[in-house]
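Student: I have a sequence and a structure to go through. Could we work on them by question and answer?

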Amino acid sequence: MKLTETEKQYFKGCAAELLKSDDVQLMDTFIQHANVSCLEHSISVAYYSYLLCRKLNLSVDYRSIIRGALLHDFFLYDWHLSSDRKGLHGFTHPKTALANAEEHFPLNNMEKDIIVKHMWPLTFTNPPKYKESFIVSLSDKFCSLIEILRIYPSIISH
Ligand SMILES: [Fe+2]
Ligand SMILES: [Fe+2]
């Protein structure tokens, strides 16, 4: 499954505004899984969410999928280190990521939902409101798995 040149350009165009931000680039200084940074992980999640929707020709908001996925783990700390943060990272980081994202970028309701619901079904009382949120949540689990197993393809690195 590959993207056409036009599809790739669309992805890059939607991602560009966020990727040029120094704050988004800060995610590259934090490890997410194995030796994959938070930024690389977020690009992977955006890429696979987009690829899936394009190849299945789904009727979705492509721009919101890409932007929401890029910001879904915008929590900006090393979750492997202990700290005085309240609550378990798995449960709390979607809200932290959303608060950071709202501080830096104007977001639509779908982008907010994608970010704050991406750990579903862990946060089982609050299911995704849009199919786009469900797709990113699925892609996040897929990417986390291939990163932990270290079987991710090199095309994902930025
Ligand atoms: Fe996450
Ligand atoms: Fe993630």
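Student: Is L76 buried, partly exposed or exposed?

Tutor: This is a predicted model, in which local features need pLDDT of at least 70, side-chain atom pairs count only at pLDDT 80 or more, and totals for chains, interfaces and linings use all residues. Residues are numbered from 1 along each chain as its sequence is written, while chains are lettered from A and ligands numbered from 1 in the order in which they are written. A residue is buried if 20 or more other C-beta atoms, placed from the backbone, lie within 10 Å of its own, exposed if 12 or fewer, and partly exposed in between. L76 has 16 C-beta neighbours inside 10 Å, so it counts as partly exposed.

Student: Where is L76 placed, and what is its phi?

Tutor: L76 is in the loop between α4 and α5. It is not a glycine, although its phi is positive, at about 60°.

Student: Is R150 buried or exposed?

Tutor: R150 lies in the segment after α7, and its phi is also positive for a residue other than glycine, near 55°. It has 10 C-beta neighbours inside 10 Å, and therefore R150 counts as exposed.

Student: What pattern does the protein follow along the sequence?

Tutor: Helices (H or I, at least four residues) and strands (E, at least two) are DSSP runs, numbered from the N terminus. The protein has seven helices and two strands. Read along the sequence, they give α-α-β-β-α-α-α-α-α.

Student: What is the radius of gyration of the protein?

Tutor: The radius is taken over C-alpha atoms, and the globule rule is 2.2 Å times the number of residues to the power 0.38. For 158 residues, a compact globule would have a value near 15 Å. The protein agrees with that, at 15 Å.

Student: Is V24 buried or exposed?

Tutor: V24 lies in helix α2, residues 22-25. Two residues are in contact if their C-beta atoms, placed from the backbone, lie within 7 Å; leaving aside neighbours within four places in sequence, V24 is in contact with L18 and L19. There are 23 other C-beta atoms within 10 Å of V24, so it is buried.

Student: Which helices do the buried residues of α6 pack against?

Tutor: Six of the eight residues of α6 are buried, which leaves this helix mostly covered. They are M110, E111, D113, I114, I115 and V116. These buried residues pack against α4, α5 (89-104) and α7.

Student: At what angle do α6 and α7 pack?

Tutor: Axes are lines fitted to C-alpha atoms, for helices over the stretch in contact, and angles run from 0 to 180 degrees between N-to-C directions. The axes of α6 (residues 109-116) and α7 (residues 131-148) are 9 Å apart. M110, D113 and I114 of α6 meet E132, S133 and V136 of α7 in this contact. The packing angle is about 35°.

Student: Why is α4 described as oblique to α7?

Tutor: Angles under 35 degrees count as roughly parallel, over 145 as roughly antiparallel, 65 to 115 as roughly perpendicular and the rest as oblique. Helix α4 (residues 62-71) and α7 have axes 10 Å apart and pack at an angle of about 45°. That angle makes α4 oblique to α7.
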